[in-house]
Amino acid sequence: MSVKDRLQEIQGLIEDACARANRESKDINIVAVTKYVSIDRASEALNAGIVHIGENRLEEGLNKWKAIGDKAVWHFIGNLQSRKVKDMIDKFDYIHSLDRKSLAKEINKRAPVNKKMKCFVQVNVSGEESKSGVEPEEVIPFIKDMANYPAIEVVGLMTMAPFIEAEEVRPYFRRLRELKEEVESLQLSHAPCKELSMGMSNDFVVAIEEGATFVRIGSSLVGKEK
Ligand SMILES: *Cc1c(COP(=O)(O)O)cnc(C)c1O
């Protein structure tokens, strides 16, 4: 199926989820996760109307960036090694995986002059040991500390839900939204924290019902080639 047809289907599901949750679909940003597909398929997504591209591996992300460049808004969604920050900081627009002080330090050190890097703080809401992310109870102190790194803007929170039935992930998404609201209410100038990056192919509908503003959709939108 073409990306265009899949996108139309996904947009229909987003409209329905928004109607149920009393939200407006214009507030939902679709990040097309292109890690499983070629540059051509990523370009097809852009031609179909996609604006945001997400990659979780730097090498692959940079390959696509070289071909596509500023025709897209770039999201780094994977685990980010500090030593690789310098290779990506001027190319990616968002980092979804800020999860430790050493990474914040490096982003702050490497960011181009006057660039505020838009970061989501990744939270381990499910408490699974295999998952990276700040523990929920550490989120507020962690974000307060980010004031020490002026090149970082905390735009929101991100989570990866456990891989279980969509309906069972609802409490984790809800917990992330509550945390986001808590941070937002602090009105920290370095951390407006208005966004929620949550929901993937299997659970984006539930994520939207629970407040997601960025959904990261790979296989069900662009398919899987590798
Ligand atoms: C791969 C990936 C996605 C997209 O996964 P799909 O299930 O294919 O939609 C979303 N977020 C992150 C962090 C990923 O690594």
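**Entry 1: salt bridges**

I began with D145 and K101, whose side chains meet in a salt bridge (3.5 Å, N to O); the term denotes a side-chain nitrogen of Lys or Arg within 4 Å of a carboxyl oxygen of Asp or Glu. Because D145 lies in helix α6 (residues 139-145) and K101 in helix α5 (residues 101-110), the pair ties together parts that are 44 residues apart in sequence. Helices here are DSSP runs (H or I, at least four residues), numbered from the N terminus.

I noted that the model is predicted, that local features need pLDDT of at least 70 and side-chain atom pairs pLDDT 80 or more, whereas totals for chains, interfaces and linings use all residues. Residues are numbered from 1 along each chain as its sequence is written, and side-chain values use heavy atoms, without hydrogens and water.

**Entry 2: accessibility**

I looked up the relative accessible area (buried under 20%, exposed over 50%, partly exposed in between; 1.4 Å probe, protein chains only). D145 is buried at 17%, and K101 is partly exposed at 48%.

**Entry 3: further pairs**

I found that R100 forms a salt bridge with D99, with the closest N and O atoms 2.9 Å apart. R100 is partly exposed at 26%, while D99 counts as buried at 14%. I also found a salt bridge between K26 and D27, with 3.3 Å between the closest N and O atoms. K26 is exposed at 62%, and D27 is partly exposed at 35%. I recorded a count of 19 salt bridges by this rule.

Key: Helix = DSSP H or I, 4+ residues; strand = E, 2+ residues; numbered from the N terminus.
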